[in-house]
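Dear colleague,

I am passing on the structure below, together with some notes on its aromatic residues. Please have it open while you read.

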Amino acid sequence: MTDLSHPAPRFSASDAEGLAKDFFNVAGTATPLDGERDRNYRLETGVDAGWILKIVNASEPRVESAFQTALLEHLAVHGAHLGVPHLRASVTGDFLPSVASAAGEQHALRMVSWLPGKPLAEARRSFALMSNFGRALGELDRALQGFMHPGAVRELDWDLRHAARSRSRLQFIKSTERRAIAERFITRFEQAVQPRLASLRAQVIHNDANDWNILVDAETTSKVTGFIDFGDAVHTVLIAEVAIASAYAILDMDDPIGAAAALVAGFHAKYPLQAQELDVLFDLIAMRLVISVTFSASRQDQTDDNPYLAISEAPAWRLLEQLDSMNPRLATGILRKACGFDAIEGAGEIRRWIAANHKTFADLVRPSAAILNKVIAPFGDASHEMTIASAQQRPADATRWWDEFSAAHKVPLAIGPWGELRTIYTDSAFESRFIKGQRRTLHVGVDLVMPAGTPLYAPVAGTVKSVEVEPDPLGYGGLVMIEHNPPGCPPFLTLWGHMAHEALGRLQPGDKLEAGDLVGYMGADHENGGWIPHLHLQMTTDTRLAASEVIGVGEPEYRDVWADLFPDASALAGIPPETYDQQGMSKAQIIAKRKELLLPNLSISYTDPIKFVRGDGVWLIDNFGRAYLDCFNNVCHLGHSHPNVIEALTRQAARLNTNTRYLHDNIVEYAERLTATLPEGLCVASFGCSGSEANSLMLRMARNYTGSDQAIVLDWAYHGTTQELIDLSPYKYKRKAGKGRAAHVYEAVVPESYYAPEDWPVEEHGKRFAESVAEQLAAMRKAGKRPGFFLAESIPSVAGQVFLPEHYLQEVYAMVRAEGGLCLADEVQVGFGRVGSHWWAFETQGVVPDAVTMGKPIGNGHPMSAVVTTREVADAFNNGMEYFNTFAGNPVSCAVGLAVLDAIERDQLKENALSVGNYLLEGFRKLQQQFEVIGDVRGLGLFLGIVLVTDRKTKAPATALARKVADGARERGVLIGTEGPHDNVLKMRPSMIFSRANADFLLEVLKDSFTAALK
Ligand SMILES: Cc1ncc(COP(=O)(O)O)c(C=O)c1O
């Protein structure tokens, strides 16, 4: 080891010129260069770029000089393109000749090429230069990877592995504050960094890439062109190279960590770093400065004669002070993110877990924020009166504004988004610790503005970590922190700010909370830091941060870092992403374009129409991020956007879609699976693309089989949109613009027990209502016709969710068949297990039709339909005319159909429909007891209706009220419909995955909507 107290060799400039000539045959003028231990001279020759002659300190062991020489030789081969000095061999062919001094000491001599350029220390620094520096350094160390020499294993105080030795020099720092800073870093190093160094990658590094040893292109100073002075090279941890380079390069930069991040990212691009290396980088940067300032202090204490020692002391102290004010964990996040790592280990996993599990979270507010009508709070608008009032600590005024707005627009919730830029934070606490002269403005929590006292529940289970009061004005007031450790997810924290102090008396660190347990209440302004009542909810993926260390607002420059450390808590709070981002046209624009471009007959639901942008299970989400519980649409049988259906559809669409003229497995597999759900006899399938197509095909088959087109239908039935089906749909032909009943159509009354004459015994209802069909058959006979078919929905829907009385279809089918007619069942609405007790609703009547049609739910939204009939009817239809339907039965549709059947069976959705349906019926009956206007409640499985009457005796329809209740439900976030000849039946057909919790919400909303409508 070099003896640091051993004086530098004493050789004059003319001595140097002589040595250069004699040993290296270089004739030039020598000028001295700075050097701490060796004597260095620049030699200008006038014929080439010049040379540097190094006369090595006599105390330096030969092996160390040989190491440096070997290193430069290695780089000459492996890093020829890098700007590194080239060795010049002596006249005897030696790279390291020796010379004796006048005093008789032996000195090694080394001559290397002079490199052009300007020291980085004199260059204007930019992030681009830092990045370039990092890349060059990465290349240098990459070239040194694998190089080894016995002299590389050296004992150097400047080796960052030994940085703790600085403790012995602490005493020389005169300022108490500065000594405390250095000591803090040393202690952190000893406790948290040093033990980790042994497991990090080690190799030979330059070890002194300070800004005087880095050369930049003299003209533009935008590129690093060379590295000089390999005198401190050592075998040590690789990351020390980056730390040392950063420590000097970022001195006096406004955003030193940002600058270091640019340097590190450049290095990483050329020589990938590991996350655990970046985890110690911040401390190593600081420790390099600590080594430097403690050495300066100790040397100044002993001698004042070497200005080199103090050269970077003042800026080093300024940087150390700034680093000391930073949170090292946040700074490390910046450095990690710059290299493409998560700002903290696990951040990505936590984000993915949240995204995958958000449907399982308990509601943070009740009802969920997803369902509530909401707006963005104006905290981002510094000129808004609510914001001004908040910033000026006039919470009552801010609250008054919000209360008035909330009431006038029926908006119970305002959201302060993650990532919003806010200029309202003027307090000095919001000055950036990372970037000089800048404030933190990027909001990294999510605010929910609701009335003081609003209860708040844990969305996922957790353990209380801290409960405290932050008393500063415009602070958090009541503050709760919870640690969550859900299975399959790294732990994370949630921070609940501006809470009522009540939580302090109730919660204690260590308390366990289940999902859905009360966390606390939104605090009033006297206890929430002086704000309009709201919750600041923030996540943090760094479980080691204390509540006081979690920043609620960050620097916009580091948005991506905060997104890892403090991810958007919206999903935890139940706020859909659409709340923040409106895509596409406004509702008014779409309405205008529809008027201009589309058939005007298209109707739109609700006076204030809804623009839906996403479906998710039982929910539909509008363009403002409001989720509605869809209790109306029976097409999305398995729920909206069912993953299995999407997967089957995309998989098959990506592979092949053709038509039935080619052979494919799917169509026969599907036909086999579908017919297996039906009673024996219904065994031949054919496919269409809509319910209307299926019904049309079924009519062709029936007419072909019976030779008659004479039809019996039920009053107020609807069977499809083609002219022939409109002719069979009293719901259409008897209403506006309808042409009335056609001659071949006979209408039987709707067999609706609720309206049966009082003197009919209930058990006779089926038979009595069937008499109406007998009458139509008689009328037909009288007209000299015979029946072609009887067509009915197995539960008439547009007629008002009418459940056929017991034995009705048995009676009717017998009569119709006796006269040669076919019995046709339209199960376009009610099939596929919706009734819960059976796959098909006709089964509840104990009959088997001659043909049955299916549509709507068959493809969970994919346009497809089917007719299944008997072998006899099918064979008769095979009369020579081909049945070809371009799209029907294609491989994609059949793949979708199979996926639907799979899910119904696998997830036992029929069973679910029955049990949730029964639960709902029970709830409806309770409502019926409470509300006189509910005349009848009906349903089986998830096909449900509530009949509203103005008088239970006369059963006069309460049409206006039905609309009011349906509108009220929409206002409260639930979609239902009205149906029946008088539009007085509330109609509900939720998807088969409907849960009890969904049912509870529906019941609650119905109750509230009835109460409000009856006021
Ligand atoms: C009972 C019934 N049958 C047939 C149809 C026609 O189906 P689509 O609209 O798919 O043609 C409907 C549509 O509402 C229906 O409710």
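A residue is called buried here if its relative accessible area is under 20%. Please bear in mind that this is a predicted model. By that cut-off phenylalanine 434 is buried, because its relative accessible area is 4%, and tryptophan 562 is buried too, with a value of 0%. These two residues form a tilted aromatic pair, in which the ring centres are 6.3 Å apart and the planes stand at 40 degrees. The pair joins distant parts of the chain, since phenylalanine 434 belongs to the loop between β13 (413-416) and β14 (442-443), whereas tryptophan 562 belongs to helix α15 (residues 559-565), 128 residues away. Both are also members of one aromatic cluster, which is made up of Phe434, Tyr558, Trp562 and Phe566.

Across the whole structure, the search returned 26 aromatic pairs. Another of them consists of phenylalanine 185 and phenylalanine 282, whose centres lie 6.3 Å apart with 50 degrees between the planes, so this pair is likewise described as tilted. It too connects distant parts of the chain, with phenylalanine 185 in helix α4 (residues 176-197) and phenylalanine 282 in helix α8 (residues 281-302), a separation of 97 residues. Phenylalanine 185 counts as buried at 3% relative accessibility, and phenylalanine 282 counts as buried at 0%.

There are also contacts between arginine and aromatic rings to look at. The charged end of arginine 366 sits over the ring of tyrosine 457, at 3.5 Å from the ring centre, while arginine 88 lies over the face of tryptophan 51, at 4.9 Å from the centre of that ring.

How values were computed:
Residues are numbered from 1 along each chain as its sequence is written. This is a predicted model: local features need pLDDT of at least 70, side-chain atom pairs count only at pLDDT 80 or more; totals for chains, interfaces and linings use all residues. Side-chain values use heavy atoms; hydrogens and water are left out. Rings of Phe, Tyr and Trp (its six-membered ring) pair if their centres lie within 6.5 Å; planes under 30 degrees apart count as stacked, over 60 as edge-to-face and the rest as tilted. Helices (H or I, at least four residues) and strands (E, at least two) are DSSP runs, numbered from the N terminus. Buried means under 20% relative accessible area, exposed over 50%, partly exposed in between (1.4 Å probe, protein chains only). A charge sits over a ring if NZ of Lys or CZ of Arg is within 6 Å of the ring centre and within 35 degrees of the ring normal.
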